[in-house]
Amino acid sequence: MSTNSNPLPSADAIGLAPQSVLQELVQLGGSTKSAFDAHHAPEMGLMDQCVHCGFCLPACPTYALWNEEMDSPRGRIWMMRKGALGEAPLDANFQLHMDNCLGCMACMTACPSGVQYNKLIEDTRGQVERHTERPPLDRLYRQMLFATFPHKNRLKIMGIPLAIYQRSGLQTLVRASGVLNLLPKRLSAMENLLPVVPLNPFYSLPAEVSAKSHKRGRVGMLSGCVQSAYFSHVNAATARVLAAEGFEVVIPQEQECCGALAMHTGLEESAAAHAKQMIAVFEHAGVDTIVINSAGCGSTMKEYGHLLRDDPTWAARAAAFSARCKDISEILAEHEPVNRRHPLPLRIVYHDACHLRHAQQVFAEPRKVLARIAGLEVVELPDPNLCCGSAGVYNLLHPESAEQLGDIKAEQMLSVNVQAVVSANPGCLLQIMSSLRRRGEAELPAFHMVELVDASIRGLSVEQLLHGKRSLDV
Amino acid sequence: MSEPNPAPNNLTPAVLDELRTLVGPHGLIAEQNQLQTYECDGLTNFRTMPGAVVLPRTTAEVADVVSLCAKYAVPFVARGAGTGLSGGSLPTEHCIVIGLSRLNRILSVDLENSRVHVEPGVTNTGVTSAVKAEGYFYAPDPSSQTVCTIGGNLAENAGGAHCLKYGFTTTHVLGCEVVLPSGEVMWFGSEHGVVDTPGYDLAGVFIGSEGTLGVATRAVLRVLRKPEAVQTLLAAFDTTTGAAQTVSDIIASGMLPSAMEMMDRISITAAEAAVHAGYPECTALLLVELDGPLAEVNAQMVQVREFCTKNGAWEQRLAQTDAERALVWKGRKAAFAAMGRVSPNYIVQDGVIPRTALPRVLARMDEMSAETGLRIANVFHAGDGNLHPMVLYDRTIEGEEDRALILSYDILRLCVDAGGSITGEHGVGREKQCVMSYQFHEPDLATMQRVRRAFDPQNIANPEKLFPTPRLCGERRHGAYIPHPVEAAGIAEVF
């Protein structure tokens with residue numbers, strides 16, 4: 001801003017007062033005062049794209065709950081900006097409001113200016129982890145989460161006692177007794193969100209499944225951590241549908257976690273290590289496309305390019321890898337079906353996983369794929385943009401706010417009067433069922449979108465789909 | 001007229017403690033880095049840290065907070081969603097910001113009498129959502145309607161694209177509950193939604209008073225039946241003159257479209273990038289919406305298209321479905337916010353001119369753009385002559401923000417010179433108070449000031465807005481403002 005002694009004439013009359021702009025400029029150049037360290041600090045250029053219009057406020061789940069500016073995307077970006085300008089410390093308040101963000105990215109869908117909030121919040125979370133303290137119990141709890149979820153073998157081993165707990169009647173007893181209310185909120189939330197663990201948690205898909213019709217491509221498939229341990233039937237259905245539709249499916253057995261959990265909670269080094277492993281494994285597999293059936297994993301893998309952007313050996317490989325990642329609904333939507341779809345007379349609601357609808361902007365595709373099934377009536381929720389509160393491990397870290405969001409979603413689920421819920425993310429389905437149970441409502445049958453396509457190709461009846469055993473054959 | 005200086009800090013720790021007992025620990029924000037998120041609204045060029053923010057949940061809490069402000073002479077500033085573009089909810093130093101975002105319930109819907117009773121934190125779209133299924137809508141539709149709240153709409157007398165036919169907020173508010181700057185609670189207009197009440201039209205005085213006369217805590221709004229038919233036409237012109245002439249021809253023929261909007265090339269590019277509405281690329285895009293009985297709309301649309309053709313429209317496109325129409329409007333309404341895609345910074349202005357002056361004023365604006373080297377994008381409600389020129393600039397280029405602000409004020413003066421006004425719907429707020437004296441003479445301003453003082457003798461309700469003051473307008477300032485010692489002492493605050 002001008003500080004010369006010969007200002008433009010009309011400045012006197014109008015009393016210009018653009019404040020602290022000069023200060024901003026000085027710091028943009030030097031950023032010496034920034035509260036962030038230099039490694040992947042949230043970029044000022046990305047923050048500048050935010051014009052402060054507030055269109056994100058009604059889209060934000062935490063703003064919907066609390067109506068506070070600092071728990072809105074606009075407010076969080078403002079806090080980041082203040083941190084970058086050295087006008088605010090990275091203290092407990094800063095940590096609180098960044099932690100409160102579910103990372104649902106609904107704000108990105110709502111934003112007219114195209115602000116890349118995903119990049120901003122992820123870089124900021126890394127800074128929060130490096131520069132703020134957490135109470136010992138919180139740290140321990142987080143370490144426990146990171147010691148289990150990203151490890152499919154540990155999840156599988158845990159599956160044995162869990163299966164006994166669930167099938168011996170103990171779980172029913174425990175839930176009815178109210179003893180869970182005595183546990184700390186986070187632990188009782190964890191129990192409430194347990195999936196029904198399969199009896200054979202050690203099942204895994206073969207390394208390769210050949211195309212069952214005229215070959216249209218060779219794709220790699222992510223098997224995932226939670227998905228492969230507790231939702232193996234979804235993986236099996238994914239492989240069956242892909243094979244039936246003419247894809248040779250490669251499922252590298254050495255693949256590990258995609259790093260989503262680490263990336264969404266600011267553990268950048270861990271996320272980067274997972275990403276490199278994943279990239280190397282799939283490069284070796286020699287596939288055109290990597291197919292993903294879990295929304296959270298998909299959004300993470302599509303962001304590897306950003307995560308490894310300044311790693312000279314990995315940046316280009318990561319970007320190329322991310323460009324080849326597709327959600328299962330994307331690949332099915334863009335290829336005309338070769339198998340007949342048998343009718344499936346059923347009224348379902350399609351619940352958008354935020355990491356698909358907002359983070360990947362994939363919402364037309366699953367609907368297009370489901371619309372090919374005759375008789376299937378797909379209804380929409382009153383507010384499909386609102387997060388259910390699951391958000392990765394958010395419901396384990398912030399059970400109170402997650403429950404409030406779950407309650408809103410459960411209410412909406414009940415209002416549409418359907419026979420089943422369909423989504424592309426196991427976390428959402430567990431969250432929704434837990435919310436229904438908390439209200440004393442019966443659970444709804446829950447499916448991954450690909451399970452319906454599979455049932456339609458195989459000609460299952462509604463009865464078989466709803467009550468039959470979920471097949472693991474490929 | 002002299003006025004007491006609101007600057008001293010009466011918000012002492014003891015007063016803060018009292019405040020905390022009134023709204024509870026979850027209703028009070030007093031930490032520095034949390035307060036920073038309230039230091040501006042949709043206009044970020046002006047920023048002031050508030051002393052505290054409260055988020056009350058009831059009228060009684062608002063009244064308690066305002067009473068406390070009155071008792072200790074602490075200034076307060078009401079805030080809704082903070083989307084305002086004139087700095088209306090910009091805090092005053094050491095003030096309490098009263099955020100109404102938690103007063104967000106729809107209290108009753110009475111369609112037999114076409115009215116809805118709401119709290120001020122309900123969004124503008126939220127009102128329509130509550131009555132849409134029954135075939136009703138709330139007519140005022142500012143572009144930020146999905147976000148902005150009814151309380152803010154009342155404060156600014158918000159308009160929108162469809163106000164050409166339906167009128168501004170003031171036409172649609174049957175009554176409102178207001179907490180006066182003394183802390184007293186009263187109803188302006190009718191609590192029961194009776195259309196006309198005897199005596200002074202205090203609701204009329206209050207609506208558009210920009211938070212200087214009190215805080216609205218409830219409103220009874222009029223909702224309207226959705227018209228039988230709606231048709232939306234997009235027409236592409238090579239010249240703004242052609243589009244402007246079409247607007248004049250339509251009005252002259254006796255038609256009253258529900259909306260007539262114009263967008264220029266830069267706005268089209270930005271909106272298209274944000275929303276992919278499929279707008280034709282052209283110099284001036286005219287959007288004409290007709291609503292009413294089907295036969296009438298059909299007949300009038302033929303005439304509208306003839307005017308478009310006569311004035312050189314090379315493409316005319318009628319939205320075929322509700323979804324297409326929604327997309328056309330989504331693009332138009334995202335146009336301001338989408339400017340972030342074509343320019344790092346911008347200032348949205350809000351001038352009004354007589355419709356007939358449109359081609360002349362637009363031509364002059366082109367010249368001003370060329371003279372200053374700054375791009376001006378234009379989106380406007382062409383039907384009622386409400387311009388929204390956006391001056392695009394880059395804050396990182398030295399001196400450019402100054403030049404942009406000067407240009408934006410020069411545009412307002414151009415509007416006044418053309419027989420118009422400095423604001424159509426965004427309000428004066430902090431941003432335009434210094435051009436108030438260009439539009440009004442001193443006796444006019446003094447009369448308005450007397451009205452204000454009748455409501456707020458202590459000058460604590462949004463004190464530094466609307467009226468020009470030497471403290472904010474008289475001094476030439478660059479960088480951080482340093483008040484004159486005489487002002488700082490509270491002696492000379494005159495206008």
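**Reading the model**

Modeller: Take B:Lys310 to begin with: its relative accessible area is 55%, so B:Lys310 is exposed. Keep in mind throughout that this is a predicted model.

Biologist: What does the side chain of B:Lys310 meet in a salt bridge?

Modeller: The general idea is that side chains of opposite charge can pair when their charged atoms come close. Here B:Lys310 forms a salt bridge with B:Asp249, at 2.8 Å from N to O. The pair links distant parts of the chain, 61 residues apart: B:Asp249 belongs to helix α9 (residues 240-252) of chain B, and B:Lys310 to helix α11 (residues 294-310) of chain B.

Biologist: Is B:Asp249 buried or exposed?

Modeller: B:Asp249 has 11% relative accessibility, so it counts as buried. The cut-off for buried is under 20% relative accessible area.

Biologist: Which residues are linked in a network of salt bridges?

Modeller: In chain A, such a network links A:Asp99, A:Glu129, A:Arg134, A:Asp138, A:Arg142 and A:Arg186. One bridge to look at is A:Arg134 with A:Asp138, where the closest N and O atoms are 3.5 Å apart. A:Arg134 is buried, at a relative accessible area of 7%, and A:Asp138 is buried at 11%.

Biologist: Now helices. What span should helix α14 of chain A have at 1.5 Å a residue?

Modeller: The expected span is 1.5 Å times one less than the number of residues. Helix α14 (residues 232-244) of chain A has 13 residues and should span 18 Å; its end C-alpha atoms are 18 Å apart, which agrees.

Biologist: How many residues of α14(A) are buried?

Modeller: The buried residues number 13 of the 13, so α14(A) is largely enclosed by the rest of the structure. After α14(A) comes A:Gly246, with a positive phi near 95 degrees.

Biologist: Which residues of α16(A) are buried?

Modeller: Helix α16 (residues 268-285) of chain A has 18 residues and reaches 26 Å from its first C-alpha to its last, close to the 26 Å expected. Its buried residues are A:Glu268, A:Ala271, A:Ala272, A:His274, A:Ala275, A:Met278, A:Ile279, A:Val281, A:Phe282 and A:Ala285. Just after α16(A), A:Gly286 has a positive phi of about 60 degrees.

Biologist: Which residues make the nonpolar surface patch?

Modeller: A:Ile157, A:Ile160, A:Ile164 and A:Phe202 make this patch of about 410 Å². Of these, A:Ile164 is located in helix α10 (residues 152-167) of chain A. With a relative accessible area of 54%, A:Ile164 is exposed.

Biologist: Where is B:Leu362, and which residues does it touch?

Modeller: B:Leu362 is in helix α13 (residues 358-372) of chain B. B:Leu362 is buried, at 6% relative accessible area. Leaving aside residues up to four places away in sequence, B:Leu362 touches B:Thr240, B:Met262, B:Asn378 and B:Phe380. The C-alpha atoms of B:Leu362 and B:Ala244 are separated by 9.5 Å, though the two residues are 118 apart along the chain.

Biologist: Last, the domains. Which domains does the assignment give for chain A?

Modeller: Chain A is assigned domain 1 (19-131), domain 2 (136-192), domain 3 (208-332) and domain 4 (340-467). The C-alpha centres of domain 2 and domain 3 of chain A are 28 Å apart. Contact between these two involves 10 residues of domain 2 of chain A and 15 residues of domain 3 of chain A.

Biologist: And what does the assignment give for chain B?

Modeller: Chain B is assigned domain 1 (13-99), domain 2 (106-225), domain 3 (229-333), domain 4 (343-417) and domain 5 (434-488). The C-alpha centres of domain 2 and domain 3 of chain B lie 29 Å apart. Their contact takes 9 residues from domain 2 of chain B and 11 residues from domain 3 of chain B.

How values were computed. Residues are numbered from 1 along each chain as its sequence is written. Chains are lettered from A and ligands numbered from 1 in the order in which they are written. This is a predicted model: local features need pLDDT of at least 70, side-chain atom pairs count only at pLDDT 80 or more; totals for chains, interfaces and linings use all residues. Side-chain values use heavy atoms; hydrogens and water are left out. Helices (H or I, at least four residues) and strands (E, at least two) are DSSP runs, numbered from the N terminus. Buried means under 20% relative accessible area, exposed over 50%, partly exposed in between (1.4 Å probe, protein chains only). Patches are made of residues with over 30% relative accessible area and no salt bridge: like charges are joined within 9 Å, nonpolar side chains (Val, Leu, Ile, Met, Phe, Trp, Tyr) within 5 Å. Accessible areas come from the Shrake-Rupley method with a 1.4 Å probe; for residues, only the protein chains shown count as cover. A salt bridge is a side-chain nitrogen of Lys or Arg within 4 Å of a carboxyl oxygen of Asp or Glu. Domain bounds come from an automatic or database domain assignment. Contact means heavy atoms within 4.5 Å.
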